[in-house]
Amino acid sequence: MLQFLQIEVGQEYSDSCYTLAKSFTYLYENFPQLAHDVLEIENILSRSYSFFKLVQNSVNEFSEEGRGDDYINSIKICPLVRQEGVIELLKLANLEPTLSFNSDYIIGDFLAGDGYIEQITNTLLPESKRPSFINSDISHYMFQICKDAGRFAVLQDAKDLYWLRSDSLDAGIFAYGTHHIPQIERSQAAKEAARVLKIGGRWVLHDFEEGGPMARWFRDIVNTFGKTRHDYPHFTCEEMLGLAMDAGLRDVKLDYISDPFVVQAATEAEALSLLANYVIKMYGLTGLSKEINKTIELLEQYFGVDVHHLTTGNYEAKITRNALVCHGTK
Ligand SMILES: C[S@@+](CC[C@H](N)C(=O)[O-])C[C@H]1O[C@@H](n2cnc3c(N)ncnc32)[C@H](O)[C@@H]1O
């Protein structure tokens, strides 16, 4: 296969073909049935130049040069911090609003990062109730971490899901960063997700509302204290509904879901400090890295911070976030 892929144009291209061949082989060796069911082999091979261009150009703020490392570390210090939101998304991605799946149920996560949604799912659900995940991301750095964790990982842009067959997935999720897709490309991404869904498959698009606390947090705080700027337009209800309708979905609905950050620690002070540290890492807020109290004040100001003493003896610190989710059926 490598010989077939190594067509011309120099070392970098042939290195990238080698990476593509390795990715492809990894998926077939580790997930033979899933790879067989979802991968569009001829397309992948004929589009090796697209893969090359992505490997060359996929440096975004989630790369090593940006806040990628901090983002990954935030997940390591608080793995379950966003579990409540993920549970809501999983229910919306299911045919019935439950957390009961099986491995034949295939969910595409089109902004997967290191595979956070799969990681939470695998932590919360017994093996017999877990779906299978296709983790797809535009960042080579995130793709590599996801693959190194042993997940089904694909490097591609959400607006061009050429690795995936039409009508092959049971559900597709855009979440935790849909605003990173340029506004002009969102319709194409929405349609691509619909293309790869089976008839009856579930389409779920999550983000935060323009003008809401999260959008203001990004605009004021991440832009001021962050390692990388964050000037992406968020979503209006009309934009989300328009994307779903243009993608040809039925039963389209819009919901607000509770999507808080929740952490636990042995004392109130530790819980607050953990929450602040999580947020500093998650958003790469290098300008606040030693400013735990100031970060807590800012969180209080933008979202409100609740601290509860749990019956287990631990303390729970929580900030409320309400996400906007549009969902529909193909
Ligand atoms: C905030 S991270 C979320 C990662 C993961 N879903 C999580 O919840 O931890 C957003 C991810 O979207 C990816 N991304 C941004 N634009 C993309 C695009 N056009 N296509 C695919 N992935 C994209 C980034 O590389 C990044 O990994």
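**Close-up views of a predicted chain**

Among the contacts in the chain that link residues at least 6 apart in sequence, 74% join residues that are at least 24 apart. The model shown in these views is a predicted one.

**View 1. The chain as a whole.** The secondary structure of the chain comes to 14 helices and ten strands. The chain has a radius of gyration of 20 Å, close to the 20 Å that the globule rule gives for 330 residues, so the chain is as compact as a globular protein of that length. Taken along the principal axes, the box filled by the C-alpha atoms of the chain is roughly 60 × 45 × 40 Å, and 43% of the 330 residues count as buried.

**View 2. The surroundings of the ligand.** The ligand is surrounded by 18 residues, of which the closest are G113, Y116, S139, Y176 and G177. Sorted by class, this shell around the ligand holds eleven nonpolar, five polar and two charged residues.

**View 3. Y176 in its loop.** Y176, which is one of the closest residues to the ligand, is found in the loop between β4 (169-174) and α10 (183-196). Y176 counts as buried because 22 other C-beta atoms lie within 10 Å, and the cut-off for a buried residue is 20 or more. Most residues other than glycine have a negative phi, but Y176, although it is not a glycine, has a positive phi of about 55°.

View 4. Is D251 buried or exposed? D251 counts as exposed, because it has 11 C-beta neighbours inside 10 Å, and the cut-off for an exposed residue is 12 or fewer.

**View 5. Helix α9 and the residue G150.** Helix α9 (residues 140-148) is largely enclosed by the rest of the structure, because seven of its nine residues are buried. The buried residues of α9 are H140, Y141, M142, F143, I145, C146 and K147. Just after α9 comes G150, which takes a positive phi of about 85°.

**View 6. S273 in helix α13.** S273 is found in helix α13, which consists of residues 268-282. With 18 other C-beta atoms within 10 Å, S273 is partly exposed. S273 and I117 are 156 residues apart along the chain, and their C-alpha atoms are separated by 25 Å.

Key: Residues are numbered from 1 along each chain as its sequence is written. This is a predicted model: local features need pLDDT of at least 70, side-chain atom pairs count only at pLDDT 80 or more; totals for chains, interfaces and linings use all residues. Helices (H or I, at least four residues) and strands (E, at least two) are DSSP runs, numbered from the N terminus. A residue is near a molecule or strand if its C-beta atom, placed from the backbone, lies within 6 Å of it. Ala, Val, Leu, Ile, Met, Phe, Trp, Tyr, Cys and Pro count as nonpolar, Asp, Glu, Lys and Arg as charged, and the others, Gly among them, as polar. The radius of gyration is taken over C-alpha atoms; the globule rule is 2.2 Å times the number of residues to the power 0.38. Two residues are in contact if their C-beta atoms, placed from the backbone, lie within 7 Å.
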